[in-house]
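Thanks for coming, everyone. Please look at the model on the screen while I talk.

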Amino acid sequence: MGHGDSKLSSSSVTEKKASRRARFKQRLHIGHYIRHRTANSNGNANGNGNGKGSSSSQKLISADNFAGIALFTLLRAEMQFKDKWIACLSLGEQTFRTKTSDNTDKPVWNSEKKLLLEQNGPHVARISVYETNKLSSNTLVGYCEIDLLEFLTQGIRTSYAEKGGKGIKGKRSDSDSDTEIINLLDPSVPGKVVGSISISCSIEDPIETQKGFVRRILSIVDFNEDGMLSLSEFSDLIDAFGNQLATSKKEELFKAADKNGDGVVSMDELAALLTFQQEKEPLLNCCPVCGEVLNISDQLNSMIHLTLCFDEGTGNQVMTGGFLTDKQASYGWFFKLSEWAHFSSYDVGIRSGSSASHILVYDRKSQRLVEEIIDKKIVLSMRAIYQSKVGLGLMDVGVKELLQSISEKQGARMDSPESAADIPKFVESYKGQINLAEVKYPLEQFKTFNEFFIRELKPGSRPISSPECDNIAVCAADCRLMAFKTVDDSSRFWIKGRKFSVEGLLGKEMCSNAFVDGTLVIFRLAPQDYHRFHVPVSGTIEQFVDIPGCLYTVNPIAVNSKYCNVFTENKRVVSIISTVDFGKVAFVAIGATMVGSITFTRKKGDYVKKGDEFGYFSFGGSTVICVFEKNSIAIDEDLLANSSRSLETLVCVGMRLGISTKSS
């Protein structure tokens with residue numbers, strides 16, 4: 001949950017806090033920091049320690065190799081109906097939330113947060129506005145997405161709709177040139193505007209970054225609040241830094257800092273000491289808040305790290321942090337109480353026990369964590385069946401057959417004309433995750449639920465990465481993806497069934513020695529996804545083999561269970577694609593609970609281009625697994641990095657998957 005004030009301590013941080021901060025380690029190691037100034041700034045610093053923005057001219061910076069701190073402020077909103085409101089700001093793996101505004105139709109927050117921006121890091125921020133319900137979860141009513149680097153570098157005031165990625169131009173406020181007014185979109189209806197929100201964003205001057213950090217650490221130990229440090233206060237600060245060498249030289253350091261000999265150390269004197277010592281003999285070898293070792297050769301980057309940590313660690317900013325997703329930040333107190341009572345943890349990784357209540361995935365497009373929508377009753381039932389010996393024991397006394405019967409009956413029902421009435425309710429239950437603007441035909445044209453479930457998309461909705469380069473493989477489905485260099489890696493980080501093997505997955509007939517220690521890519525489709533799958537590589541389809549089996553769920557709760565062998569026991573169809581660049585690629589379409597059928601739209605002997613449609617799953621969740629021959633593909637590093645954290649990556653058909661290592 002979110003956290004408030006916390007004091008700087010010289011003791012080691014707790015394991016819980018360390019693990020939370022560890023999620024952001026790669027985000028806090030910054031490359032070269034460029035001191036961006038404008039011709040009109042006249043040497044004046046942008047930031048002032050209070051998070052206030054500067055003139056709009058100082059927003060325009062160079063995006064090349066940029067890394068720095070952005071001061072982002074959520075000012076106010078105008079909504080189309082009255083309620084109490086909170087707003088959440090999400091960037092990368094961090095989410096922050098405002099306090100509840102009591103203004104019912106024009107909420108005012110004036111809440112700010114410092115954000116780390118990098119050219120190669122997350123820079124698309126999502127703002128979500130919720131109407132509050134204190135008992136359980138609050139209701140998402142509007143959102144917008146803003147590319148902050150584009151906002152700051154080009155002066156383009158554009159909100160990016162999640163649906164279709166189309167920009168909606170924000171309106172410039174005439175009374176305040178630093179404020180931008182952005183339309184809030186309805187998560188259920190594409191393009192519908194439900195209100196607007198006023199924001200400001202500016203870059204903090206690097207010199208002010210350093211000064212701001214010094215102000216913060218000075219305020220923590222300046223007990224009489226006179227803006228000066230006495231020897232005893234200075235000694236407490238050195239102790240808090242945890243540097244044993246500096247602790248033994250406190251009086252010497254105090255005299256070195258007290259340049260004017262007045263017996264106290266001012267803010268400027270402390271800043272000068274830190275700067276001098278960082279180059280000579282650093283006082284801070286590691287961050288007192290998160291414990292991360294600092295790069296002593298890069299003083300300014302260390303200051304950026306420390307400034308962000310101290311802002312979050314001391315609670316000086318108005319916006320509360322410590323959340324992973326906007327959904328988590330929006331939960332009411334009743335949900336938090338139930339989470340506490342079940343000793344649940346809201347985090348990425350293996351889904352076991354009560355932590356399986358939440359499924360978090362990393363959205364590759366927005367570079368942000370999102371929570372997958374799944375009915376809580378279904379979660380409880382899956383945990384009972386798949387994560388206990390008793391539950392799996394029931395499979396041997398008829399439950400396995402019952403799942404098969406239910407899936408067949410449900411599949412038949414979804415092909416009936418009456419099932420069309422379920423389409424609007426289905427879309428509403430997954431609002432914000434089904435983009436109707438991409439669907440080829442309007443909803444009223446679908447005569448059954450399954451017709452909608454296997455819907456086609458408009459041409460161009462899924463662009464194919466490097467379409468003319470057959471040595472680049474692409475993602476085969478809209479899905480949550482896991483990728484592993486070897487089967488051993490997949491068992492270590494994700495698949496916990498004790499009997500999983502490539503031979504068990506493909507069957508003896510289709511499994512060659514080259515596949516046994518090959519690269520494994522898992523594409524998990526959830527019910528709300530576009531359910532047509534596509535070929536990831538160009539080549540010729542050699543054969544298809546049907547393998548009968550069960551219909552277990554392919555949800556991570558089952559995949560992560562040591563009692564269940566989902567991929568090797570479920571019904572599946574194995575096909576082999578022969579390629580020039582990757583050798584042979586095994587493509588396995590796996591059925592799951594409620595999946596009526598697996599249908600292929602290509603046949604044996606067909607030549608296919610990467611990105612071509614290959615087939616579709618009827619109603620239910622389902623999975624595709626691709627097995628590449630050993631040493632034939634280099635999977636993209638971001639996909640491997642997330643998978644090594646047991647974190648699925650949300651991808652779309654046609655996104656880049658990796659490159660052939662066989663190409664000359």
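**Overall picture**

Let me start with contacts, meaning heavy atoms within 4.5 Å. Among contacts in the protein between residues at least 6 apart in sequence, 71% join residues at least 24 apart.

Now the ground rules. This is a predicted model, where local features need pLDDT of at least 70, side-chain atom pairs count only at pLDDT 80 or more, and totals for chains, interfaces and linings use all residues. Residues are numbered from 1 along each chain as its sequence is written, and side-chain values use heavy atoms, with hydrogens and water left out.

The protein has 22 helices and 28 strands. Those are DSSP runs, numbered from the N terminus: helices are H or I with at least four residues, strands are E with at least two. Of the 664 residues in the protein, 56% are buried. Buried means under 20% relative accessible area, exposed means over 50%, and partly exposed is in between, using a 1.4 Å probe and protein chains only.

**The annotated site**

Which residues does UniProt list for "active site"? The unreviewed entry gives D478, H534 and S622. A caution on such records: positions are in the numbering used here, feature names are shortened, and annotations may be inferred rather than shown by experiment. These three span 145 residues in sequence, yet no two of their C-alpha atoms are more than 14.0 Å apart, so they gather at one spot.

Take H534. This residue sits in strand β18, residues 532-534. H534 is buried, at a relative accessible area of 9%. Set aside its neighbours within four places in sequence, and H534 is in contact with A476, F587, G611, D612, E613, F614 and V653.

Next, S622. Strand β25, residues 622-628, holds S622. Is S622 buried or exposed? With 0% relative accessibility, S622 counts as buried. UniProt also places a feature there, again from an unreviewed entry: "modified residue: Pyruvic acid (Ser)" at S622.

**Two helices that pack**

Two packed helices are described by the angle between their axes and the distance between the axes. Here, α5 (residues 231-241) and α7 (residues 250-257) pack at an angle of about 115 degrees, with axes 10 Å apart. The axes are lines fitted to C-alpha atoms, for helices over the stretch in contact, and angles run from 0 to 180 degrees between N-to-C directions.

Who meets whom? On the α5 side are L231, F234, S235, I238 and D239. On the α7 side are K250, L253 and F254. These contact residues divide into five nonpolar, one polar and two charged. For that count, Ala, Val, Leu, Ile, Met, Phe, Trp, Tyr, Cys and Pro are nonpolar, Asp, Glu, Lys and Arg are charged, and the others, Gly among them, are polar.

Stay with α7. Its buried residues are K250, L253, F254 and A257. Seen down the axis, they fall within an arc of 105 degrees, so they line one face of α7. The arc is that of the directions from the helix axis to the C-beta atoms. Turned away from that buried side, α7 carries the exposed residues E251, E252 and K255.

Now V265, in the loop between α7 and α8 (267-280). V265 counts as buried, at 0% relative accessibility. From V265 to L231 is 34 residues in sequence, and 8.2 Å in space, C-alpha to C-alpha. Not counting residues up to four places away in sequence, V265 touches G227, M228, L229, F234, F254, A257, D258 and L270.

In α22, residues 637-644, the buried ones are L639, L640, N642 and S643. They cover an arc of only 165 degrees around the axis, which puts them on the same side of α22.

Most residues other than glycine have a negative phi, and most peptide bonds are trans. S646, which follows α22, has a positive phi, near 60 degrees. S646 lies in the loop between α22 and β27 (648-651). S646 is buried, with a relative accessible area of 8%.

N631 also has a positive phi, near 60 degrees, and is a residue other than glycine. Where is N631? N631 lies in the loop between β25 and β26 (633-635). N631 is exposed, with a relative accessible area of 59%.
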